[in-house]
Amino acid sequence: MKITVKPLTQRPAWKSLGAHHKKIKGLQLRKLFADDPKRGERMTIEAAGLSLDYSKNRITDETVKLLLKLADESGLRARIKAMFSGEKINITENRAVLHVALRAPKGASIKVDGKNVVPEVHAVLDKMAAFSKRVRSGSWKGHTGKRIRNVINIGIGGSDLGPVMAYEALKHYSDRGLTFRFVSNVDGIDFVEAVHGLDPAETLFIVSSKTFTTLETMTNAQSARDWVLKGLGGNPKAVAKHFVAVSTNAEKVSAFGIDTANMFGFWDWVGGRYSMDSAIGLSTMLAIGPKNFLAMLAGFHEMDEHFRTAPFAKNLPALMGLLSVWNNDFLGAATVAVLPYEQYLKRFPAYLQQLTMESNGKHVTLDGKKVNYETGPVYWGEPGTNGQHSFYQLIHQGTRLIPCDFIAFAHALTPLGPHHDILMANVFAQAEALAFGKTPEEVKAEGTAPALVPHRVFEGNRPSNTILAPRLTPEVLGKLVALYEHIVFTQGTVWSINSFDQWGVELGKALAQRIIPELESKEAPALKHDSSTNLLIRRYRKMKETK
């Protein structure tokens, strides 16, 4: 089904939002709250086990009304239906976009080319669960008969960021008898440090590469193979006991020495950055067990269903996506800070960097025309309260507008005296300070010396969302990831861009393949790059000669 909509800047709601912005751009959150004592209550949504307070955005009821109209004019409802129906909405690669099928319950039906893919998904999940139980129970033995005590995931991009984030986020639920490490960077330091202090006889590697040809992943995998064989007497049969693959290339997996019975597949309708709940999540399941992994999938599915069915006015991902369009395109906010007040979520902002920026960092529309508006903002962040002692200065008093998403939980997983109340007080205080600031009159009333008053003024009027949940569980993690997946989808739909390809990663990789032999050649190569690149290659080669 082709979804036809007008170019973004020609949609009536977009034009109305432009006029509306000019009308209200001088409004202050102080006044909005003073004029509407129940604003906080009206602009809070409880859904799918999460609470979203979006009242501290620089919006009025009219803003929301126009954003909802924009969603309708952008065909958001039809595009959601197309995604969930398995239509090939990734038009540049002619693929369906069905990460939602990865967490569909048994008995559901989601079809690609007329075939229900849900049974295949659950067959892989069952295979993952059986394998995880063997490793976690100790019945899987290494080449020398020792049980596995160390698991190292080798991947890059979505094959690394998702597993790393999920492991750190759910460490509270993990088997502490197992050590988990992750290798992604082709910088040899990453591999060397990952295996430091480990016994090859007790170490299992998961090599995650759909094609089993990804340069960084396979370079690290070969080093892992060499390390295992060196530590276990050089017998190639050891490989099958210490390596499994997440891949679809049985021929290359077998040639590496991995038993294809221990190869876990996935599908071309799963993008790498959307794959953490596929077989790419094998390390996650090994860490937290099949039961908790399935609970995480249930959380994903609950948010999927909320996004698919809820009216946009009460739809968490749709509303947050529309608000981010408002902040990005009308308020000029080029970045978004994601600030989890939960140490276990320390890798969540890094995970979102790929999800958001690889998806919506696009400069042409679905029909190949150059956009004449801003698309994907930069997502970044760190856990609170650490960030308060570094970059919050810029957010509060800098010259750039930086909307913030605060994420927090009512219950600590590791209660310790007053720690959690202090943590939560900071969440609420930071959102309040960003919104309302401190006026010169308030600073003067504190007895501040006149010369210091300008330095201690906080302008406020800086937007934020606050997301609250009872506690960080596997289910809630699934909901949070799905929330941002669908925020990305909403943004991409409004901007009329393809959120599901990533051609931007190709050029640098292709050029690197050309340069590698020029660096490794024993004879000075004939270089045909620009003068800067030629000079850098020659200097590098000369430096290599100096021990």
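Helices α7 (158-169), α9 (215-231), α14 (348-360) and α19 (506-520) each supply at least two residues of the lining of the largest pocket. Helices (H or I, at least four residues) and strands (E, at least two) are DSSP runs, numbered from the N terminus. This is a predicted model, in which local features need pLDDT of at least 70 and side-chain atom pairs count only at pLDDT 80 or more, while totals for chains, interfaces and linings use all residues. Residues are numbered from 1 along each chain as its sequence is written, and side-chain values use heavy atoms, with hydrogens and water left out.

A pocket is an open set of points on a 1 Å grid over the protein atoms alone, with protein on both sides within 12 Å along at least five of seven lines; a cavity is a set of points where a 1.4 Å probe fits but cannot get out, and lining residues have an atom within 4 Å of a point. Grid points are joined across faces, edges and corners, and a volume is the space filled by probe spheres set on the points.

| Space | Volume |
|---|---|
| Largest pocket | about 1,300 Å³ |
| Second largest pocket | about 630 Å³ |
| Largest cavity | about 110 Å³ |
| Second largest cavity | about 70 Å³ |

The largest pocket is lined by 47 residues, and Thr214, Gln502, Val505, Glu506 and Lys509 lie nearest its centre. Helix α19 supplies the largest share of this lining, nine residues.

The whole structure holds three cavities of 30 Å³ or more. Among the 14 residues lining the largest cavity, Ser324, Asn327, Val336, Asp405 and Asn465 are the closest to its centre. Elements α13 (316-330), β12 (404-409) and β13 (464-469) give two or more residues each to that lining, and α13 gives the most, with four residues. The second largest cavity is lined by Ile24, Lys25, Leu27, Leu32, Arg58, Ile59, Thr60, Trp326 and Leu331.

Helix α6 (residues 118-137) has 20 residues and should span 28 Å at 1.5 Å a residue, which agrees with the 28 Å between its end C-alpha atoms. The expected span is 1.5 Å times one less than the number of residues. Its buried residues (under 20% relative accessible area, 1.4 Å probe, protein chains only) include Val118, His122, Met128, Phe131 and Val135. The buried residues of α6 pack against β4 (115-116), β7 (203-208), β8 (243-246), β9 (263-264) and α12 (282-309), where contact means heavy atoms within 4.5 Å. Just after α6, Gly138 takes a positive phi of about 95°.

How values were computed: Buried < 20%, exposed > 50% of the residue type's maximum accessible area, 1.4 Å probe, protein only.
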